[in-house]
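User: I am new to this structure. Please take me through it in short steps.

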Amino acid sequence: MYRFILSFSIGFVCLLGISKTALAGNADESSYRKAYLTEKNGTKKFWRQVALGKYYQLNNVQKADSIRYAIIDASRVESDSAKLQALIFDLRVEALLGNKTAYYAKILQLQPYLSRTDSKLNQVHIFHLLAEYHIAFREFEQADIYLTEALRFSKRVRSYALIAETNRLLAKLNMEQNKRDASLEFAEMSIQYARRSTDKSLMAKCVNMQSAIYNFFGQVELSVSKNFIALQLAKQANDYPQIAQYQREIGESQYQIFNFDNANNFFMQSRETALKIQDYRLAGLADTDIGLVKLAKKEYEEAIADLKRVVHTLQAYNDQDGLGLAHKYLGNAFNEQKKYDEALRYYNMALVYFESASNRSEIASVYHLVGTVFAEQGKYKNALNYLNRSIDIRSQYGYIGGIYPSYKEIADVYKKTGNMKLAYEYLDMYSDYSDSARIVEVSAKIAELSELYRSEQRERLIAIQADSIELQRKEKENTELRNIFQMYIIIGFIILLALGAFIIYNRWKQRNIRQLQREAEMNQTLLRSQMNPHFVFNAMSVIQSYIYENDTKNSTKFLINFSKLMRLILENSSKEFIPLTTEIDILNKYLETQKLRFGDRFEYEVSVNQQLLDEETVIPPMITQPFIENAIEHGQLHTIEGGFIHVRFTKDEEMLHVMIEDNGIGRKGSKNNKKSAEHKSMAMKITQDRINNLSYKYKILGRMEMEDYDKELETGTLVNIYLPYRTDGANG
């Protein structure tokens with residue numbers, strides 16, 4: 001009952017939240033622009049500009065295009081990570097504009113960043129784009145290498161979104177190699193991981209990939225059903241470029257089963273969505289498909305006029321594929337009217353565009369059409385030449401489904417030339433495809449049966465409602481009693497729901513209280529450990545010895561440094577996070593104090609990656625101090641010749657990595673000292689508790705690892721601490 005109440009409550013809250021989310025989306029652009037325009041810090045301003053650009057990619061393609069050069073210019077004074085993001089944003093805009101030549105050329109410009117970036121996330125994004133490039137140019141082995149690396153890195157950083165996108169591209173790679181089962185298996189895995197990532201837009205892409213695979217292998221009905229799911233997910237994500245694209249693809253599938261009215265409706269919806277986000281290229285492609293429907297309805301003059309306007313639109317975007325389709329359909333229009341010379345002229349222009357785009361599927365399609373034109377003109381040798389070239393391309397590159405119509409055309413050509421033996425052979429090969437060739441017919445019948453079923457359901461519903469009205473009139477008293485009973489049930493359910501909500505709230509409140517108690521206890525323990533009385537006592541002894549020796553200079557220096565250190569510890573111990581610069585200041589003062597105490601008998605170095613300072617990273621206060629104290633006090637660092645302590649702060653796979661290393665007597669050497677071992681154990685437990693607390697709170701798995709610095713001699717200590725990566729903005 002408790003689970004039922006919880007599920008019902010969550011569902012009800014989500015239902016109420018839908019309208020709020022929809023309304024909130026309208027204010028996005030103004031909030032992004034305001035954040036960008038009011039930001040004073042140069043680096044933060046750049047990233048806010050990128051965020052604004054990404055919003056435009058989904059909502060206004062023209063504005064995304066207009067802002068990309070400003071983003072590239074702004075990145076020139078930023079880090080390599082910023083430059084990389086600017087380049088990726090630029091090529092994504094090229095993809096939206098349909099300029100594949102520029103898109104693929106800019107992908108190759110990302111290769112140098114593989115060695116220049118330490119971020120596994122950035123490397124995976126580059127692997128994805130390079131794999132996409134090699135798939136497009138059918139360099140499958142190289143694509144597989146990049147995707148294998150991408151999958152390995154994605155699993156290391158435990159990113160469901162990256163694993164999903166890698167599997168989606170592996171599905172595409174296997175589809176292009178005509179491996180049906182493998183491609184569907186990878187597509188299903190991509191969907192499973194995308195579902196875990198909760199990214200609706202990514203989920204839509206993965207389901208759309210599954211739809212593309214079904215369509216590639218001739219299963220049109222399955223393709224349409226999957227694309228309906230992809231469309232719904234894209235709408236939930238407010239990803240308008242995806243919405244327009246999927247509407248167009250569903251229309252094309254409807255066209256394949258000769259459902260021209262439904263196809264035209266989806267093409268019109270795609271056009272409307274594209275215009276909404278000022279994606280005039282995608283609107284032009286939708287117009288191309290609308291022209292195709294007009295051809296199917298034999299509205300030749302209108303279709304030709306529309307397609308010529310589309311050509312003018314797409315030329316502005318250098319969309320080779322789109323221009324190829326428009327010219328191919330113009331060729332079809334003239335072919336239908338038996339204007340063969342004009343048809344051939346447009347087919348030849350289509351070939352130029354498709355060859356420029358390396359679109360082998362469409363090249364084979366146009367060769368087939370040219371062959372049919374030559375056959376109609378009685379130029380049988382030319383017809384056979386082009387039809388066989390179409391078959392060769394499809395055989396070589398795996399577009400098997402399109403071969404069989406060419407077999408039928410060749411059979412017709414041989415029949416016209418009197419070569420009945422070859423005509424029979426090709427007709428026999430075509431007949432092998434007869435089952436597959438009926439897929440479209442079967443899909444159309446299924447669509448008709450589905451529509452008939454829906455009609456019958458509507459009629460049956462009307463009849464049931466009429467009977468229900470009659471029954472209600474006859475049993476009015478029973479209905480009233482039933483309504484009263486239902487009212488009691490509803491009241492009881494509301495009480496039960498309120499009780500369940502009270503239980504949930506009470507448990508949540510108790511958990512928070514326990515969490516606050518744990519944090520308070522930890523803070524007290526931490527403060528006690530940081531304000532180690534032995535350290536304070538030893539420091540006072542050093543000051544006293546300086547005074548006895550009348551060493552005013554060193555006593556003053558030591559006292560000033562020590563007092564500043566105490567002030568920093570007291571001011572920051574109670575905070576959950578402090579700026580990394582403050583932590584480094586505390587470390588430097590602590591180490592300088594210890595160095596003065598031991599008469600410069602060891603060296604130290606604190607280093608930090610510049611990216612962490614640029615991004616204003618924050619860190620739990622003095623999380624490294626217990627380990628540094630262990631190295632000095634219990635590792636007897638002051639007794640070692642050439643003793644040192646190194647502390648490094650870096651960003652590693654979206655985690656803050658803290659490394660502490662020293663060359664003291666090590667863990668084995670300090671075991672004989674019982675007091676030392678107990679103190680080390682306490683320091684480790686406190687730090688591990690802090691890491692566990694942060695991991696629980698921020699849902700990111702932190703960890704602490706210890707090992708010997710010199711593994712052969714078992715001396716020195718190397719400590720690695722991995723914490724959830726937080727910045728000043730995130731902390732706020």
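User: Which helix holds Ala35?
Analyst: This is a predicted model. In it, Ala35 sits within residues 28-38. That stretch is helix α2.

User: Is Ala35 buried, partly exposed or exposed?
Analyst: Ala35 has a relative accessible area of 24%. Buried means under 20%, and exposed means over 50%. The value for Ala35 falls in between, so the class is partly exposed.

User: How far apart in space are Ala35 and Lys45?
Analyst: In sequence, Ala35 and Lys45 are 10 residues apart. From C-alpha to C-alpha, the distance in space is 8.2 Å.

User: How are α9 and α10 oriented to each other, parallel or antiparallel?
Analyst: Helix α9 covers residues 140-156, and helix α10 covers residues 160-176. Their axes lie 9 Å apart, and the packing angle is about 160°. Angles over 145 degrees count as roughly antiparallel. The pair α9 and α10 is therefore roughly antiparallel.

User: What is the handedness of the crossing of α9 and α10, and how many nonpolar residues does the contact have?
Analyst: The crossing of α9 past α10 is left-handed. On the α9 side, the contact includes Phe140, Leu147 and Leu151; on the α10 side, it includes Ile163, Leu170 and Leu173. By class, the contact of α9 with α10 has three charged and three polar residues, and the nonpolar count is 10.

User: Now α12 and α14. Are these helices roughly parallel or antiparallel?
Analyst: Helix α12 spans residues 200-216, and helix α14 spans residues 240-256. Their axes come within 12 Å and cross at roughly 20°. Angles under 35 degrees count as roughly parallel. So α12 and α14 are roughly parallel.

User: Which residues of α14 meet α12, and how many of the contact residues are polar?
Analyst: The crossing of α12 and α14 is left-handed. From α12 come Ser201, Ala204, Lys205, Asn208 and Asn215; from α14 come Gln242, Tyr246, Glu249, Ser253 and Gln256. By class, the contact of α12 with α14 has two nonpolar and two charged residues, and the polar count is six.

User: Is Gln242 buried or exposed?
Analyst: Gln242 belongs to helix α14. Leaving out residues up to four places away in sequence, Gln242 touches Ser201, Ala204, Lys205 and Ala234. Its relative accessibility is 9%, so Gln242 counts as buried.

User: What is the phi of Lys298, and where does Lys298 lie?
Analyst: Most residues other than glycine have a negative phi. Lys298 is not a glycine, yet its phi is positive, about 65°. Lys298 is exposed, with a relative accessible area of 55%. Its place is the loop between α16 (280-296) and α17 (300-315).

User: Where is Glu654, and is it buried, partly exposed or exposed?
Analyst: Glu654 lies in the loop between β4 (644-652) and β5 (655-662). Its phi is positive, near 65°, in a residue other than glycine. At 34% relative accessibility, Glu654 counts as partly exposed.

User: What percentage of the residues in the chain is buried?
Analyst: The chain has 34 helices and eight strands. It exposes about 38200 Å², with 54% of that supplied by carbon and sulfur atoms. Of the 732 residues in the chain, the buried share is 45%.

User: Among contacts between residues at least 6 apart in sequence, what percentage joins residues at least 24 apart?
Analyst: Here the contacts counted are those in the chain between residues at least 6 apart in sequence. The share of them joining residues at least 24 apart is 63%.

Note on methods. Residues numbered from 1 in each chain as written. Predicted model: local features only at pLDDT ≥ 70, side-chain atom pairs only at ≥ 80, totals over all residues. Heavy atoms only, no water. Axes fitted to C-alpha atoms, helices over the stretch in contact; angles between N-to-C directions. Helix = DSSP H or I, 4+ residues; strand = E, 2+ residues; numbered from the N terminus. Parallel < 35°, antiparallel > 145°, perpendicular 65-115°, else oblique. Left-handed = near helix turned anticlockwise from the far one by under 90°. Contact = heavy atoms within 4.5 Å. Nonpolar A, V, L, I, M, F, W, Y, C, P; charged D, E, K, R; others polar. Buried < 20%, exposed > 50% of the residue type's maximum accessible area, 1.4 Å probe, protein only. Areas by Shrake-Rupley, 256 points an atom, 1.4 Å probe, with all protein chains shown as cover.
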